[in-house]
Amino acid sequence: MAATPMDSPNSNSPSPHSIHPASPIPLDSPLRTHTKRNLPSTLSSTYPHGLLSGHPRTASQQASFDAQKREILNSMTAEQIEKRYGEMTEKVKGLLEEEERKGREVDEKIEALKMERDVERRVWERVKGKKVGG
């Protein structure tokens, strides 16, 4: 059977790695790792160029990132990296919880001010009604 245009890859069509599926890629999928970056398995990238952010860096930014990564991988064990990662995620979670708490406080204040405004509006309508009728 001869290969049809749909069966053979086309140089103009995007590679399967550059197509982003509608559903998230499973954590154990081989699509999560790319050969261009030597990342630990816990920091696998879903981007074909291997960057965690998905945004390309300038040459100097990439060189700086590679140097920092090399220093970390040479000076820390996998367990130490995981521990530091856990500490940082807990710190970020704490900051997010604090921001959520502040947001709830602001929402409560807004709700109280809306209620106060409604009371003032009702009083104003009564005063206005008495002036017109009185």
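The chain exposes about 11,700 Å² of surface, and carbon and sulfur atoms supply 58% of that area. The structure is a predicted model. Of its 134 residues, 10% count as buried. The chain has two helices and zero strands. Among contacts with a separation of 6 or more, 22% are between residues 24 or more positions apart.

**Helix 1**

- Helix 1 covers residues 59-75.
- The 17 residues of helix 1 should span 24 Å at 1.5 Å a residue, and the end C-alpha atoms are 24 Å apart, which agrees.
- Gln62, Asp66 and Lys69 are the buried residues of helix 1.
- Seen down the helix axis, these buried residues fall within an arc of 70°, so they line one face of helix 1.
- Ser60, Glu71, Asn74 and Ser75 are exposed on the other side of helix 1.

**The loop between the helices**

- Met76 lies in the loop between helix 1 and helix 2.
- Met76 has a relative accessibility of 17%; because the cut-off for buried is under 20%, Met76 counts as buried.
- Leaving aside residues up to four places away in sequence, Met76 touches Ile81 and Arg84.

**Salt bridges**

- The whole structure contains five salt bridges.
- Lys93 forms a salt bridge with Glu90, and their closest N and O atoms are 3.8 Å apart.
- Both Lys93 and Glu90 lie in helix 2, three residues apart, which is about one turn of the helix.
- Lys93 is partly exposed, at 45% relative accessible area.
- Lys102 forms a salt bridge with Glu99, with 4.0 Å between the closest N and O atoms.
- Lys102 and Glu99 also both lie in helix 2, three residues and about one turn apart.
- Lys102 counts as partly exposed, at 39% relative accessibility.
- Asp118 and Arg121 meet through their side chains in a salt bridge of 3.5 Å, N to O.
- Because Asp118 and Arg121 are three residues apart in helix 2, about one helical turn separates them.
- Asp118 is partly exposed at 37% relative accessibility, and Arg121 is partly exposed at 41%.
- Glu98, Arg101 and Glu105 are linked in a network of salt bridges.

**A nonpolar surface patch**

- Val119, Val123, Trp124 and Val127 form a nonpolar patch on the surface.
- Together these four residues have about 360 Å² of accessible area.
- Val119, one of the patch residues, is in helix 2, which covers residues 78-133.
- Val119 is partly exposed, with a relative accessible area of 44%.

Notes: Residues numbered from 1 in each chain as written. Predicted model: local features only at pLDDT ≥ 70, side-chain atom pairs only at ≥ 80, totals over all residues. Heavy atoms only, no water. Patch = residues over 30% accessible without salt bridge, like charges linked within 9 Å, V, L, I, M, F, W, Y side chains within 5 Å. Areas by Shrake-Rupley, 256 points an atom, 1.4 Å probe, with all protein chains shown as cover. Helix = DSSP H or I, 4+ residues; strand = E, 2+ residues; numbered from the N terminus. Buried < 20%, exposed > 50% of the residue type's maximum accessible area, 1.4 Å probe, protein only. Contact = heavy atoms within 4.5 Å. Expected span 1.5 Å × (residues − 1). Arc of directions from axis to C-beta.
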